[in-house]
Amino acid sequence: MPSLLLRKKDSSRAVLSRAASPGKVLVPDGESDDLASPAQPEELQIPEDIEEQTAEVNMTGGTAEKLQSSEPTQGIVETITDGVTKGVKELVVGEKPRVVPKPGDGQKIYEIDPTLKDFRSHLDYRYSEYKRIRAAIDQHEGGLEAFSRGYEKLGFTRSAEGITYREWAPGAHSAALVGDFNNWNPNADTMTRDDYGVWEIFLPNNADGSSAIPHGSRVKIRMDTPSGVKDSISAWIKFSVQAPGEIPFNGIYYDPPEEEKYVFQHPQPKRPESLRIYESHIGMSSPEPKINSYANFRDEVLPRIKRLGYNAVQIMAIQEHSYYASFGYHVTNFFAPSSRFGTPEDLKSLIDRAHELGLLVLMDIVHSHSSNNTLDGLNGFDGTDTHYFHGGPRGHHWMWDSRLFNYGSWEVCSSDFCHHIWLTVPVNLFLHMLIFYSYAGIEILTVKREMVA
């Protein structure tokens, strides 16, 4: 694991040091060899005949050939996928996502794959449920695209005046924001609840104009719940770190100053004639016995992927997961890129470098289930069994030992704010990654389709 750096702050609310002790904040060390951003390597020279040396993807339904190469690729799976390419769209960084089209009648699928007719009654039922909920969202929320922007209002949002924090926890009896910034005092910053179970607090800037919560501070929400008092990491946290010698992860308030934010330099590549996808795992991509970093993957692995003739790289296990051996499938923090590999800025740098090389970047989304963890995950977040998940046995995956989301649960929201957003985790996460990290698309695990924006 990369070394950790403690940032000192000027505010009188807390004092930071380099020791991993109670009340201190931990963020990945920018001076680490693993996380440093060295000078860009010399421009990669791609042979002009590279296309002739690689296998073409058969887009007519046949089995695609596997690329042949004698170059060792430890820890990375090399595949070519004749994925869905008709939906490929060029995306300018920061461009507002397109309006989601209205659902059709759902019958053309049977023309494409007649074998599905044997399951027509069940498939039609599932699609009718989608159309029913979709119609309610279109009617009350201004469409699916607007509904899927919960990350813009839930969690921590910053304005010129200060920080607003909102969390949907209808089962909680009381809630307070605690962290390094207020010495973990549950009486200092208590939250108020609205009729929909959303807890909220506004922290104005300090007198000198600085943020009430310094960048890199540990933060949690302390709730009195039906299961007792508990501290939880925000469901919408953008960064989460495990401190040395500690087991639970810490939610980190991530809002770097402008001079530290990574700015994309390269637009997303134009859509290819066919996708050649290289499936990869950042942590396992080094030949050394270590967890690899975003920076090393950017500088050492991406050029190899390009040299092998691929035009897209699919990254697994990006969402934070406290149990590394889960291979990223036991997600604890859905909106936080894994801190094992570096910071969110390091991930942006990786994706920007991929774009420079002409590579689209796809991500896996583990959308149907979540980690069982109650301290750093979503399980029992508000002290109830049915907060985000199905209750009872239906909400527990016996094989994965994880919790299963209840996507059928949805409340009509008020006209100005959508409260029950978790129904749209994949879309929320997709748009978040599109806008902040310039991903080209997602793979929804268990569905096994590559979708490119």
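Trainee: Four strands form an open sheet in the order S4-S5-S8-S7. Which of them pair on one side only?

Mentor: Strands are DSSP runs (E, at least two residues; helices are H or I, at least four), numbered from the N terminus. Two strands pair if DSSP finds at least two bridges between them. The pairing in this open sheet is antiparallel, and its edge strands, each with a partner on one side only, are S4 and S7 (192-193).

Trainee: Before we go on, what does the pLDDT of the protein chain average?

Mentor: This is a predicted model, where local features need pLDDT of at least 70 and side-chain atom pairs count only at pLDDT 80 or more, while totals for chains, interfaces and linings use all residues. Residues are numbered from 1 along each chain as its sequence is written, and side-chain values use heavy atoms, leaving out hydrogens and water. pLDDT is the predictor's confidence in each residue, on a scale from 0 to 100. Here 68% of the residues score at least 70, and the chain average is 76.

Trainee: How many contacts beyond near neighbours in sequence does the stretch 1-25 have in the model?

Mentor: Be careful with that stretch, as its pLDDT is below 50. Residues 411-427 also have a pLDDT below 50, with 59 contacts beyond near neighbours in sequence. Contact means heavy atoms within 4.5 Å, and for residues 1-25 the count is 62.

Trainee: Back to the sheet. Which residue in S5 is the bridge partner of phenylalanine 156?

Mentor: S4 (residues 155-158) and S5 run antiparallel and are joined by four bridges. They form a hairpin, with three residues between the strands. Phenylalanine 156 has as its bridge partner in S5 tyrosine 165.

Trainee: And on the S8 side, what is the bridge partner of glutamate 167?

Mentor: S5 and S8 also run antiparallel, this time with seven bridges. Look in S8, and the partner of glutamate 167 is tryptophan 199.

Trainee: How many salt bridges does the structure hold?

Mentor: A salt bridge is a side-chain nitrogen of Lys or Arg within 4 Å of a carboxyl oxygen of Asp or Glu. One of them joins arginine 222 and aspartate 231 at 2.7 Å, N to O. In the structure the count is 14.

Trainee: Arg134 sits in a network of salt bridges. Which residues are linked with it there?

Mentor: Arginine 134 meets aspartate 138 at 3.2 Å, N to O. Both lie in helix H3 (residues 120-141), four residues apart, or about one turn of the helix. Arginine 134 counts as buried (under 20% relative accessible area; exposed is over 50%, partly exposed in between; 1.4 Å probe, protein chains only), because its relative accessibility is 3%. In the network, Arg134 is linked with Lys102 and Asp138.

Trainee: What about glutamate 356 and arginine 353: what is their N to O distance?

Mentor: They both lie in helix H6 (residues 344-356), three residues apart. Arginine 353 is buried at 3%, while glutamate 356 is partly exposed at 30%. Their side chains meet in a salt bridge, N to O, at 2.9 Å.

Trainee: Last one: what value is phi of aspartate 401 near?

Mentor: Most residues other than glycine have a negative phi. Alanine 317, in the loop between S14 (312-316) and S15 (319-320), has a positive phi near 60 degrees. Aspartate 401 is in the loop between S19 (396-397) and S20 (402-404), and is partly exposed at 49%. Its phi is positive too, near 55 degrees.
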